Every structure is written in C-alpha cells, then in structure tokens.
Amino acid sequence: MTPDRPRGRSAPDPRPTADQASKDAMSNATTVSPAHSASTASTLITNIAALVTNDPSLGDSSPLGLIQDAAVVIDGDRIAWTGDQRKAPATDNRVDAGGRAVLPGFVDSHSHLVFAGDRTEEFNARMSGRPYGAGGIRTTVAATRAASDEELERNLTRYLAEALRQGTTTFETKSGYGLTVEDEARALRLAAAHTDEVTYLGAHIVSPDYAHDPAAYVALVTGEMLDACAPHARWIDVFCEKGAFDGDQARAVLTAGKARGLHPRVHANQLSYGPGVQLAVELDAASADHCTHLTDADVDALASGRTVATLLPGAEFSTRAAWPDARRLLDAGVTVALSTDCNPGSSFTSSVPFCIALAVRDMGMTPDEAVWSATAGGAAALRRTDVGRITPGAYADLTLLDAPSHVHLAYRPGVPLVSGVWQKGRRVL
C-alpha cells in the first residue's frame, strides 16, 4: 500500500547550522599523490563564470550562494576570500579559470571501498533477467577474507583516485565485508590510513559463520569485534532491514557503539518499510541512508530532527529498484545528501556527477538541489562545516568544471566535465 504523501509545508533553509557540526569533527585526510607539491603561498583563482559557495551571505540569496564573475583566494589549505573578481586581493600565484564554473569538492558520505573481487556475473544476470544463485554480499565477504592487506589497500587507493578525478575531495568509507573480528579491524585500519571518516559496519549482514545463531553474532558485533574496531573508526552503522538486522538488533548495535564513542549512521528503509529511519532519528544518527520506502511518520521524523536523509541513486540504477522520492523529502524540509554508495554489488560507481544526473532526472531534484546535496548535504551527513562549501575558513577543496555552470553536471550526463581539483589547497588534478 502506498503511504499518503506528507502535508504541504514550506521548506526551511537546508544549510546545516554551526551547532549541527560535531564538536569533534575531524579533517578529511585522503592520501592520493598530488600533481603539485603542497605550498603555503596564496593563490588567486580568477575569471570564474559561476562560483558555488553554498553560503547565501556571500552570493545570491539561493542556498548555493552563487557569485557570477567571481574569484577565490586560497591561503595554505584554507579558503581566505571569495567575491567579485574585480575586488580580489593580491596573491603570490594566479590561476585563470577561463570562464568556467567552480564548486566545492564533492563530499561522498557513503561508500564501501575496502573489498576484493567483483560481482560482474551477478550484475549481468540481473540486467539480463536471468536467475543467479551466488551469494551476493557473501561472495564479496569470501573474496575479502582471502585477500592480503596489500590487495585490499591497492583496491581502496584505486577507487579513491578514480573518485578524486571526478571531483570527490572528502569521503566516508565502511567495513562490512570481513565479518570476523580480525577482518573487520584490518578493513578499518586500512581505511583510516586514507580518511578520518571511517565507519564500523560489522552489522552489514549476519556473518555466514553465525547463520544459525544471529543473536551470537550480534553479541560479537557489540562485544569483541567492537573492542577491536572502535579505535580505528569514528562512526558505527547497521543494515536495518528484513534479512539483515531487525529494529531491536539494530538498536543494540548502535547503542553499544555510542557507549564506545562511535556516532550512529543507519542503512534504513532501502528494501522495505521498517523501523530504520525512526530509530536513526531517535538516536540522533548523523544520517539515515537510502530512505527509499518512507511513511509520513518517517518523513515527519526526519524533518523534525537533524538526521540527514542520504540518497544513493546508484543503487536504484544498478538494481532497477524504485527511486527514492527526493522531492517529497525536500518539500517537507528534510536535509538531503547525495552519495555514491560505491560497492561491488549494488552500486559500483565512484562518480558523484553521475549520481547528480540521476537525482535530477529520476528523483525530482533540481540541478541546484542536487549539487547542494552532493556538497553541503554530504558535509551535513558527516556533521562537518569545514568542507562542502567555499567560504573563508573552510578547507580549500574545489572542483573546476569544463563548463560555465554547475547545471551542466545534469545537463551533460556522462561527460567528464571535471577539469581541475584542489584538495586542502593543493591542486591534485
């Protein structure tokens, strides 16, 4: 039965406020070899046709805070100034943007990048309408357990470099393909060498080793495995879904993580209606991710709390599932993020621009809303205000498009428009 649509309400400004930022927000530390060495010299990027700041006080009155004919000053790893290029201060270096658009580096707040193998045959069978008997996530678990640390890290850095070339400068990634104490801990240890946004997802599915005793596996996830994993992670996540973990099990996992200083995130309401979204809001989770099947009560809960609804259109594209209704969430005043869900089974894409195009085409978002959600929205899903915006004091994470406007990300889907990337003040593309 299709739930009723929410009552009409005006949407508040979706930008996260300063008090939404976690007091212990940590800086992103992606380690991808830069094309240029780091420098403390100041740099002026000028001749920008359209600059997305995500701060209306700096530009027009829209949430994007657009500035036309703009310039940006980078000083060290931070933004020092933005504004009309005719008023730009003197700097040590100068870069001509050539009449192109500049926007914040994308913030990908949901990915699963520590894994081995792929599931090509599964995808091919699904797209060909053929039955397929392999084990889904369990297939990746087996390959990941069998891989060496070197193989796993090589895969991780490959996908990080791939994402960086497409404008992603901040990313979160999870464990969840080991499902033993040792394998979950090593996945997080490897991830923590490349980002501070690391999520413990021992509760991805019930481990095949505990298929006949799920309660014992929950005890492991909340006990010995948590002890081994907590030192390497900032977040804890659970797949709250039929066939994975029910509401009581998910609550136990998340509350145990909170007791160890890990903040919750939830895989919620992807495959069916369930308790995931409301549990996320109740526990002040930073995000409820997927949000495909929502009741009015779910939407109201998200609108009344500060939990971000993270939408992952790559999953719907790759599984031919129903699209999340972004329009419904936005009209209710929910803060929305867009992310890739990059994983080998259901969304094997590292391209945020691709997800922006899908969100505009199939999820009811405008180009402005999709770009905001992939930048400032992703930052809100990580409880951060130092990324996802081009404002003085924020990290100098910028994406230069080979186009005069951010709208081209949806207008020209599949075209490699990213022609320059700065990450913490260093030009890396």
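The model is predicted, so local features need pLDDT of at least 70 and side-chain atom pairs count only at pLDDT 80 or more, while totals for chains, interfaces and linings use all residues. Residues are numbered from 1 along each chain as its sequence is written, and side-chain values use heavy atoms, with hydrogens and water left out.

Me: What makes a set of residues a nonpolar core, and which members of the largest one touch the most others?
Reply: The members must be buried Ala, Val, Leu, Ile, Met, Phe, Trp, Tyr or Cys residues joined through side-chain atoms within 4.5 Å. Buried means under 20% relative accessible area, exposed over 50%, and partly exposed in between (1.4 Å probe, protein chains only). The largest core has 93 residues, of which Tyr200, Leu302, Leu329, Leu338 and Ile356 touch the most other members. A second, separate core of 15 residues includes Ile45, Ala70, Ile79 and Ile390.

Me: Which residues of helix 12 are called buried?
Reply: Helices are DSSP runs of H or I with at least four residues, and strands are runs of E with at least two, numbered from the N terminus. In helix 12 (residues 352-362), Val352, Pro353, Cys355, Ile356, Ala357, Leu358 and Ala359 are buried.

Me: What makes strand 1 and strand 2 a pair?
Reply: Two strands pair if DSSP finds at least two bridges between them. Seven bridges join strand 1 (residues 42-51) to strand 2 (residues 67-75), so these antiparallel strands meet the definition.
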